[in-house]
Amino acid sequence: MTATSALALLRFDGDRTIGHDLVDPASPVLSALDLAATRGDGVFETISVGHGHPQAFEAHLARFVRSAAKLDLPEPDVDVWRAAVLAVAAVIGPVPEAFVKTVLSRGIEGGSSPTGWAYGAVAPDHTAARTRGVHAILLDRGFRSDAGAAAPWLLVGAKTLSYGINRAAAREAAKRGADDVVFVSTDGLLLEGPTANVVILRDGRLLTPPLDAGILPGTTQADLFDWAPSRGLEPLYQPLRPRDLLDADAAWLLSSVRHAAPINAVDHAPLTMDRELTDAMNDFLSARTA
Ligand code: PLP
């Protein structure tokens with residue numbers, strides 16, 4: 001039997017992840033004392049699932065482990081988490097587009113084990129963003145591009161549950177009549193969106209900021225860079241400035257689930273969209289089976 005959503009709760013023995021149980025996705029599972037809820041103290045991944053196949057699966061699991069390490073959380077056992085994600089995806093069945101979100105928190109305050117779950121559902125319809133594009137605004141992120149190394153407690157590059165700032169940026173975009181955001185560092189470099197990486201096309205090259213420049217290394221961007229040469233495009237990591245985005249031949253925000261959303265305007269100035277390349281990107285991203 002398939003369903004539109006599914007939930008697996010992870011079982012722990014102290015710090016060790018030992019298994020999972022599928023439960024009713026509507027059941028109340030989180031304690032009011034869980035640090036996920038009270039402090040945003042945990043990490044997560046959102047994995048797109050195409051026709052039943054989790055996409056960039058190993059890259060997501062590896063990033064989950066890296067994020068947990070940055071927060072000094074117990075190391076997630078990837079075999080147990082992999083099994084939980086597959087069990088959730090199996091309940092949803094081979095629909096064209098679904099997602100599974102894995103969450104690991106520090107658990108109940110004062111407790112001895114973390115809390116973890118994998119929740120999956122049929123994905124929202126992102127056709128409009130993929131075809132009409134998104135209007136992005138540039139917003140100051142408030143720290144330098146080297147903040148990751150200079151101030152590791154900012155947890156730059158970890159996918160933490162503390163997304164209040166990212167959500168506030170999205171609301172700021174809506175207030176300004178836009179759809180999304182590209183953050184800029186205080187030293188004037190393009191970083192990423194609140195939930196996506198930025199990639200620009202210039203003279204047959206696909207460019208994205210270096211992965212150590214205060215951003216989350218994206219699984220979607222990485223897969224797209226592997227695919228780029230098959231389209232005759234050279235993928236390059238390079239520091240980029242707002243001018244590079246404004247002068248780009250085309251640009252995209254890339255993320256799991258929404259995939260490639262072409263940027264149709266930056267701060268109300270129109271940007272050219274490459275429809276054929278966007279469709280090819282999204283065909284490739286949607287068809288991934290691993
Ligand atoms: N950057 C941030 C801050 C994100 O939250 C995300 C995804 O949610 C990404 C980049 C894109 O990562 P991925 O392609 O692995 O989904």
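## A loop residue and its neighbour

Val257 sits in the loop that links β12 to β13 (259-266); helices (H or I, at least four residues) and strands (E, at least two) are DSSP runs, numbered from the N terminus. Its phi is near 80°, a positive value in a residue other than glycine. Val257 is buried, with a relative accessible area of 9%. Here buried means under 20% relative accessible area, exposed over 50%, and partly exposed in between (1.4 Å probe, protein chains only).

His259 belongs to strand β13 and also has a positive phi, about 65°, although it is not a glycine. With 2% relative accessibility, His259 counts as buried. For background, most residues other than glycine have a negative phi.

## How to read this model

This is a predicted model, in which local features need pLDDT of at least 70 and side-chain atom pairs count only at pLDDT 80 or more, while totals for chains, interfaces and linings use all residues. Residues are numbered from 1 along each chain as its sequence is written, and side-chain values use heavy atoms, with hydrogens and water left out.

## The chain as a whole

The protein chain has nine helices and 14 strands. Along its principal axes, the C-alpha trace spans about 55 × 45 × 35 Å. The radius of gyration of the protein chain is 19 Å, which agrees with the value near 19 Å for a compact globule of 290 residues. That radius is taken over C-alpha atoms, and the globule rule is 2.2 Å times the number of residues to the power 0.38.

Of the 290 residues in the protein chain, 51% are buried. Among contacts (heavy atoms within 4.5 Å) with a separation of 6 or more, 70% are between residues 24 or more positions apart. The protein chain exposes about 12,900 Å², and carbon and sulfur atoms supply 54% of it. Accessible areas come from the Shrake-Rupley method with a 1.4 Å probe; for residues, only the protein chains shown count as cover.

## Around the ligand

Now to the ligand. There are 17 residues around the ligand, and those that come nearest are Lys159, Tyr163, Thr219, Thr220 and Ser256; a residue is near a molecule or strand if one of its heavy atoms lies within 4 Å of it. By class, the shell has five nonpolar, nine polar and three charged residues. Ala, Val, Leu, Ile, Met, Phe, Trp, Tyr, Cys and Pro count as nonpolar, Asp, Glu, Lys and Arg as charged, and the others, Gly among them, as polar. At least two residues of the shell come from each of α2 (57-70), α7 (219-227) and β12 (250-255).

An N or O atom in the side chain of Tyr163 is 2.5 Å from an oxygen atom of the ligand. A polar side-chain atom of Thr220 also lies 2.5 Å from a ligand oxygen atom, and for Ser256 the distance is 2.7 Å. Taken alone, the ligand exposes 380 Å², and the protein buries 94% of that.

## Thr219 and helix α7

Thr219 is found in helix α7 and is buried, with a relative accessible area of 5%. Its side chain makes a polar contact of 3.2 Å with that of His60 and one of 3.5 Å with that of Ser256. A polar contact is a pair of N or O atoms within 3.5 Å; within protein, one must be able to donate a hydrogen and the other to accept it, and residues adjacent in sequence count only if both atoms are side-chain atoms.

Helix α7 is mostly covered, with seven of its nine residues buried. The elements that cover these buried residues include α2, β12 and α9 (275-287).
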